[in-house]
Amino acid sequence: MDYFFLGDEELVTAFRFIGIDGIAVRDQQHAVFVFKDITEKAIDEPYCRVLLLTEETADWLGDYMTDWQLSGNYPLLVEIPGISGRLPDRKTLVEAIREAIGIRV
């Protein structure tokens, strides 16, 4: 499995339509439990290479997500806006790139 999704029920269903499995997380405790399960399996055998999660789920994971990203292990973590759109104070990928390289067109 190359991709896996964590987020709300509606988006899990939508991703299943395009062939990406996922788990709907309902709160912070459930999100942390599922995230730890996925990342622990990924260390022993490649469970997934890219883990897609909503911004809300990423917020629930907090330091767990940051620690995983700094580890350099798979799966790679990719945040996407949730069903209701981007969370306030979140940059788009384009905005983050522009800020990083300092070029504005």
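Hi everyone, let me open with a ring and a charge: Arg49 lies over the face of Tyr74, at 3.7 Å from the ring centre. For that, a charge sits over a ring if NZ of Lys or CZ of Arg is within 6 Å of the ring centre and within 35 degrees of the ring normal. Tyr74 is also joined to Pro75 by a cis peptide bond, with omega about 10 degrees. Pro75 itself has its place in the loop between H4 and E4.

A word on what we are looking at. This is a predicted model, where local features need pLDDT of at least 70 and side-chain atom pairs count only at pLDDT 80 or more, while totals for chains, interfaces and linings use all residues. Residues are numbered from 1 along each chain as its sequence is written, and side-chain values use heavy atoms, with hydrogens and water left out.

How confident is the predictor? pLDDT, its confidence in each residue, runs from 0 to 100. The chain averages 82, and 77% of the residues score at least 70. Confidence is lowest in H5, at a mean of 68, and highest in strand E2, residues 22-24, at 93.

Now the overall layout. There are five helices and four strands in the chain; helices (H or I, at least four residues) and strands (E, at least two) are DSSP runs, numbered from the N terminus. Along the sequence, the pattern reads β-α-β-α-β-α-α-β-α. Of the 105 residues, 33% count as buried, where buried means under 20% relative accessible area, exposed over 50%, and partly exposed in between, with a 1.4 Å probe and protein chains only. As for contacts, meaning heavy atoms within 4.5 Å, residues 24 or more positions apart account for 64% of those with a separation of 6 or more.

Let's go to helix H1. Which residues of H1 are buried? They are Leu11, Val12 and Phe15. Looking down the axis of H1, these buried residues fall within an arc of 105 degrees, so they line one face of the helix; the arc is that of the directions from the helix axis to the C-beta atoms. What covers them includes E1, E2, strand E3 (50-54) and E4. On the face turned away from the buried side, H1 carries the exposed residues Glu10 and Phe17. After H1 comes Gly19, whose phi is positive, near 90 degrees.

Phe15 brings us to the aromatics. The structure holds one aromatic pair: Phe5 and Phe15, stacked, at 4.4 Å centre to centre and 20 degrees between the planes. Why does this pair tie together parts that are 10 residues apart in sequence? Phe5 lies in strand E1 (residues 3-7) and Phe15 in helix H1 (residues 9-17), so the pair links those two elements. As for the definition, rings of Phe, Tyr and Trp (its six-membered ring) pair if their centres lie within 6.5 Å; planes under 30 degrees apart count as stacked, over 60 as edge-to-face and the rest as tilted. Both Phe5 and Phe15 are buried.

On to the cores. A nonpolar core is a set of buried Ala, Val, Leu, Ile, Met, Phe, Trp, Tyr and Cys residues joined through side-chain atoms within 4.5 Å. The largest one has 16 residues, and those with the most contacts inside it are Leu6, Ile38, Leu51, Leu53 and Leu61. Two or more residues each come from E1, helix H2 (28-44), E3, helix H3 (55-61) and helix H4 (63-71). Which element gives the most to this core? That is H2, with five residues. Apart from this core lies another, of eight residues, among them Phe5, Val50, Leu52 and Ile80.

Ile23 has its place in strand E2 and, at 30% relative accessibility, counts as partly exposed. Leaving aside neighbours within four places in sequence, Ile23 is in contact with Phe4, Phe5, Leu6, Gly7, Val12, His30 and Val34. The C-alpha atoms of Ile23 and Val12 are separated by 6.4 Å, and the two residues are 11 apart along the chain. Then there is Pro81, in the loop between strand E4 (76-80) and helix H5 (93-101). Pro81 counts as partly exposed, at 38% relative accessibility. Pro81 and Glu55 are 26 residues apart in sequence, and 5.5 Å apart in space, C-alpha to C-alpha.

How values were computed:
pLDDT is the predictor's confidence in each residue, from 0 to 100.
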